[in-house]
Amino acid sequence: MRYILTSIFLCSFAFAVDISTDFTSSGVVPDVIVKAPGEILAVTYKDSNEKDKDLRFGEELTPTIVKDPPALAWFTVDNAYYTVAMVDPDAPSASDPKMREMLHWLVANIPGGDLSKGEAIVEYVGSGPSKGTGLHRYVLLVYKQPEKLVIQEARVSKHERAGRPSFNIRNFANKYKLGEPISGNMFRAQYDDYVPTIHKQLGENN
């Protein structure tokens, strides 16, 4: 199989961390997935000055910075389809994660690494942890699909909360035979002044 390098940054960063150790020490394994992916996912947001902000695994970002979907890059295979997901396993808080996982983003049938051509199942909503709930983990994962899929789940817009709480990426992956994620990354975020905007967007009162 011929692998395509989708980002220069990915080339320099993909193996710059001990992925298995990081996913385990952060609790992403086993809270979200059973096994760490084989490569780090290159995730790029825009900072407050509209400059590229390349995510380092586990670093803290503000809800203001992550309000818009990031650019992603991973190693792809010709003619393959991929699924991208972003979940918060610490909802409503790390000490009481009774809504684990909160689903923030789900895109399926991505041809190669072209997110713009994927099928948005759940539209992107950035981090919105309530005041006083501390740091939350936001886990981004990429799965290689066995084929192009017919996704049965309801579509959820960026203005809807329904369908997001108590999601389980393991169950979704098992249902569609996705196997383990091939790539992933994670950041942490806590409340800032942008969070009320997120809650209002989702029709919440707090």
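In which strand does Val-43 lie? Val-43 belongs to strand β3, which covers residues 42-46. The model is a predicted one. Its protein chain has 206 residues, and the secondary structure comes to five helices and eleven strands. The largest nonpolar core has 29 residues, and another core, of 22 residues, lies apart from it.

**Overall dimensions and surface**

- The radius of gyration of the protein chain is 16 Å, which agrees with the value near 17 Å that a compact globule of 206 residues would have.
- The C-alpha trace spans about 50 × 35 × 30 Å along its principal axes.
- Buried residues make up 48% of the 206 in the protein chain.
- The accessible surface comes to about 9900 Å², and carbon and sulfur atoms account for 50% of that surface.
- Of the contacts between residues at least 6 apart in sequence, 75% join residues at least 24 apart.

**Nonpolar cores**

- In soluble globular proteins, nonpolar side chains tend to be buried together.
- Within the core of 29 residues, those with the most contacts inside it are Phe-23, Val-32, Ile-33, Leu-106, Leu-141, Ile-169 and Phe-172.
- Helices and strands both supply this core: α2 (19-25), α3 (28-31), β7 (81-88), β8 (102-111), β9 (119-122), β10 (136-144) and α4 (169-175) are the elements that give two or more residues to it.
- Ile-169, beyond residues up to four places away in sequence, touches Val-32, Ala-85, Glu-101, Leu-141 and Tyr-143.
- Two of these partners, Val-32 and Leu-141, are also listed among the residues with the most contacts inside the core.
- The other core, of 22 residues, includes Val-66, Ile-110, Tyr-124 and Tyr-138.

**Cis peptide bonds**

- Most peptide bonds are trans.
- The bond that joins Val-29 and Pro-30 is cis, with omega at about 15 degrees.

- Most residues other than glycine have a negative phi.
- Asn-79 has a positive phi, near 65 degrees, and sits in the loop between β6 (76-77) and β7.
- With a relative accessible area of 79%, Asn-79 is exposed, because the cut-off for exposed is over 50%.
- Asn-109 also has a positive phi, of about 55 degrees, but its place is in strand β8.
- Asn-109 has a relative accessible area of 4% and is therefore buried, the cut-off being under 20%.

- Val-43 is buried, with a relative accessible area of 0%.
- Leaving out residues up to four places away in sequence, Val-43 touches Lys-53, Asp-54, Leu-55, Pro-70, Ala-71, Leu-72, Leu-140 and Asn-185.
- Val-43 and Gln-201 are 158 residues apart in sequence, and their C-alpha atoms are 24 Å apart in space.

- Gly-134 is in the loop between β9 and β10, and its relative accessibility of 30% counts as partly exposed.
- Beyond residues up to four places away in sequence, Gly-134 touches Pro-129, Ala-189 and Gln-190.
- Gly-134 and Ala-189 are 55 residues apart along the chain, with 8.1 Å between their C-alpha atoms.
- Tyr-194 is in the loop between β11 (183-189) and α5 (195-201), and at 22% relative accessibility Tyr-194 is partly exposed.
- Apart from neighbours within four places in sequence, Tyr-194 is in contact with Pro-63, Thr-64 and Lys-67.
- Between Tyr-194 and Lys-67 the C-alpha separation is 8.4 Å, although 127 residues part them along the chain.

Key: Residues numbered from 1 in each chain as written. Predicted model: local features only at pLDDT ≥ 70, side-chain atom pairs only at ≥ 80, totals over all residues. Heavy atoms only, no water. Core = buried A, V, L, I, M, F, W, Y, C linked by side-chain atoms within 4.5 Å. Buried < 20%, exposed > 50% of the residue type's maximum accessible area, 1.4 Å probe, protein only. Helix = DSSP H or I, 4+ residues; strand = E, 2+ residues; numbered from the N terminus. Contact = heavy atoms within 4.5 Å. Rg over C-alpha atoms; globule rule 2.2 N^0.38 Å. Areas by Shrake-Rupley, 256 points an atom, 1.4 Å probe, with all protein chains shown as cover.
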